[in-house]
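Hi,

Here is the structure I promised to send over.

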Amino acid sequence: MAKVYGIDLGTTYSVIATLDENGTPEVIENYADSVQLLASAVYFPSGGDPVVGKEAKNQAEVEPDRVVQFVKREIGKPNAQTWDFDGVKYDPISISALILKRMKEYAEEQGHDVNDVVITCPAYFGNEERAATKQAGIIAGLNVLNIVNEPTAAALNYCLREFRESRKIMVYDLGGGTFDITLFDFSVDDSGKASIDVIETNGNDRLGGIDWDARLYDYICKLYYDENGVTKDEMDAELRQKIRSQVEDVKKSISSMPSKSFTISYAGDATRLEVTREKFEEQTQDLVEQTMDFVRQLLKEAKHSADDVDVVLLVGGSTRMPMIKAAVEGLFRKVLVEQPDLAVAKGAALAAANVWNERVAKRRDGQEVDFASTQGESGVTLPPITEEEAAGLMINVPQQVSAVNDKLTRSLGPAVFVDDNQYMIDNLLFIGDEMPAEATATYGTQNANQAEIKVVVFENVSRDKANNYVTPSLDKNGNEQYTDPSLKVKKIGDVRLKLPPNTPKGSPIEVFFRSSTIGLEVRATNLETNESAETVITTENTKTREELNEARERFASVRTRGQI
Ligand code: AMP
């Protein structure tokens, strides 16, 4: 039996899982740290191998300039930070590659052979962040079968274990800085084959544990003032830092205890303070309500009532706060806290096995399977195989899932001129479209004798099918950028097509879009000449094929370590 792996590449911690012979997901222990999680931190000791994990995280206190953490917040983003260690330049993609490589290596040190993987990413990640995540996998020497949304993985892990019949489930995911909710339809057909479809998603990528931290910080400052008469504005940087460094611990403690006492030592004085869960909840009730507003809005958009939902799964570290479970229980009949740290990696392992089995089945049915979309180079195909060979390659799964139908998280469209100076985005693919999604539209050239056309592609969060025009604007450098932040309009790339001389105004150009979980393919065709130009959009925030191959070769000889 073949083995494939699921990786939850997290902001603070990462996890790798696989399936045992019975198809049950199991997490592979990070034995160096004796835990199942790997801290997503990389330390670059002068002249030595990069160290990934707990030791690296701890080293951040001692040598903050040589430790990189929270890189997931930067991956695939414009103008992302880069680092230079001993003359080698690193970007968020290569740092993520080192984290993935460490997981691959510690699993291999325990007898695994990690090649084919599914990596998860947040549901709110756009095209570029997904492409960048995949590239990190390629650089780490992995064959990335797919990129799957974290809530989808969590839902898959639960559904395949619990259900043999159709259900509606919701994943409520409150992490450190983001909040996501997804409503799924898990259905099982007569042959026992399951499928999991996203009905609706909602959330806010600027709402998470740090907002609770900020409230608690303000509240502790107030308690400190009550004791010492020092207002927040009068506190110096050292005192503020002393308070800030206690906040997260206090918050976590009152998730399991009704109150927490602690001491702030400053300028020779020790101030003893106490925060009760009740007071903390009072200070943050409106934040919980904000999340519930998103939940109600999602139900409304999906035309479902709370009673239609069979179970709500709570994932993400911040759902450990009892006020979250209480609020969700106020609306739904069944709410479960699902191993928030491990569920995503386990679901990713199930997703990987499903993709793998689908490919084996195709080859058994006499088809070639194209690996071009999962490798750095193109043209790698796997030949058909016999029934017997297929049987040896199939992975035992609790239920075969016919499709892990992730949906588009951004609408996508080209910019279209409406007159000489103004243009709009004509969305061809929409948020919520099932992937792979395809669309074609035909536009006329703007001027007579135009030398070339440029199809500029934008992503945005407009969902309005009837009126799908969004006006992009320019930033101070003249680049098309976010306009209304609520629509997240963003240029993600372009395709240029040369036109022959004397092409008349209004000549038809066909534009084709195809979006899969891996990226966006765009093709422009001159319908008069049948000449076309196409690209898979990898923009300035991801690497070119050459850079990718170069990085993969360079990283092949890099060894990571788990301990200093
Ligand atoms: P995640 O991004 O899912 O790892 O979630 C990280 C967030 O969960 C951070 O804001 C943590 O402070 C928060 N968190 C982790 N454990 C707890 C806990 N026991 N109580 C409250 N918040 C927690």
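Starting with the ligand: by class, its shell has 1 nonpolar, 8 polar and 4 charged residues (Ala, Val, Leu, Ile, Met, Phe, Trp, Tyr, Cys and Pro count as nonpolar, Asp, Glu, Lys and Arg as charged, and the others, Gly among them, as polar). Keep in mind that this is a predicted model, where local features need pLDDT of at least 70, side-chain atom pairs count only at pLDDT 80 or more, and totals for chains, interfaces and linings use all residues. Residues are numbered from 1 along each chain as its sequence is written, and side-chain values use heavy atoms, with hydrogens and water left out.

The ligand is surrounded by 13 residues, and the closest are E248, K251, S255, G317 and S318 (near means a heavy atom within 4 Å). Helix α6 (residues 237-256) gives the most to this shell, with 4 residues; helices here are DSSP runs of H or I, at least four residues, numbered from the N terminus.

For K251, a side-chain N or O atom is 2.8 Å from an oxygen of the ligand.

Now the helix pair. The axes of α3 (residues 127-139) and α11 (residues 545-556) come within 8 Å and cross at roughly 40 degrees; axes are lines fitted to C-alpha atoms over the stretch in contact, with angles from 0 to 180 degrees between N-to-C directions. Q135, I138 and I139 in α3 meet L548, A551, R552 and F555 in α11 (contact means heavy atoms within 4.5 Å). By class, that contact has 5 nonpolar, 1 polar and 1 charged residues.

Cheers

Definitions and conventions. Helix = DSSP H or I, 4+ residues; strand = E, 2+ residues; numbered from the N terminus. Polar contact = N/O pair within 3.5 Å; in protein donor to acceptor, adjacent residues only side chain to side chain.
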